[in-house]
Amino acid sequence: MREPDLNGGIASAIGRTPLVRLSRLFEGEAFEVHAKLEGMNPGGSAKDRAALHMLKEAIRRGELAAGGTVVESSSGNLAISLAQLCRQAGLRFVCVVDPRTTEAHKALISAYGGEIELVSRPDPATGEFLPARIARVRQLRASIAGAYWTNQYANPDNAAAHEATTMAEIAEKLGTVDWLFCGVSSCGTIRGCSDYIRGRGWPTRIVAVDAQGSALFGGGSGVRRFPGLGAALEPGLHRADLADEVVRVSDADCVRGCRSLLRREAILAGASSGGVVAAIKRMAGSLPAGAVVAAILPDRGDRYLDTAFDAGWASRELGLGPDEELAAAP
């Protein structure tokens, strides 16, 4: 049986995403904002980087071999990345999702040949879906011969991918940035970027953009409508000192941010990207003149056309008017 191979092919297109200055959205500000457009990865998100590195390292260590099965719990984007790469490598992929995963995400996972395991009921002890998803992953891992759990929540290879590529690419273009805004969920991206920055002794201020209703950074768990931002439990990659500041954004903030990105910059980005932009707007008064700000926009927005970009949905679910965007900074 042919050994799994992730050299060349579509995997070679991962990374080197554009870094675009948001000159219209932040017009008139004394600082400059540069957005890392992770939605330009072939799988549509920053999760491509983590998926590729986790799989390559597992293959290198002999933990994943020909005929093997990859299992993972994902709210959507990582599952798409893994499904695509497992298709290239000739591996089986089984993904555990919950009802918050969009139909668009599930359709893409299936299109790449991924098998979907839907956990429809939350964990009875916590009322959260994440513990229930992880419990199902453990069951699958125990029942499928040769199964490998990528475990994005605790796998250091997740963070290492962003240390070696995402932050290195930003540094290559911008040098030592003054501020970094990064959404948090599994904490792989912010952990890797933080390791890069702290390891070089940069004075960069790192801002974690978290969802209201997230348990990260001492928050309280609650209802969150969008996947990919916030977490019900602290993942293994989380550390309290990962960020210098934490900005919590609401679902409505995310939608307003998405609309502003689209209308001012013609960038169709996902809900967590809208949250990142909303956080920068909120902190605009604290960003000094001349500051160079890097913002990681995790995914593209076509998977949110029936939620974040649907005026009817935004009105029903969030009470937003069709033209509500981000307010100017005070």
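Which residues form one aromatic cluster? Phe226, Tyr304 and Trp313 do.

Before I go further, this is a predicted model, in which local features need pLDDT of at least 70 and side-chain atom pairs count only at pLDDT 80 or more, while totals for chains, interfaces and linings use all residues. Residues are numbered from 1 along each chain as its sequence is written, and side-chain values use heavy atoms, with hydrogens and water left out.

Let me turn to the aromatic pairs. The structure holds 5 of them. Rings of Phe, Tyr and Trp (for Trp, the six-membered ring) pair if their centres lie within 6.5 Å; planes under 30 degrees apart count as stacked, over 60 as edge-to-face and the rest as tilted.

Phenylalanine 26 is buried at 4% relative accessibility, and phenylalanine 31 is buried at 3%. Here buried means under 20% relative accessible area, exposed over 50%, and partly exposed in between, with a 1.4 Å probe and protein chains only.

Another pair is phenylalanine 226 with tryptophan 313, whose ring centres lie 5.5 Å apart with planes at 40°, so it is also tilted. Phenylalanine 226 belongs to the loop between β8 (205–211) and β9 (245–249), and tryptophan 313 to helix α9 (residues 311–318), so the pair ties together parts 87 residues apart in sequence. Helices (H or I, at least four residues) and strands (E, at least two) are DSSP runs, numbered from the N terminus. Phenylalanine 226 is buried at 5% relative accessibility, and tryptophan 313 is buried at 11%.
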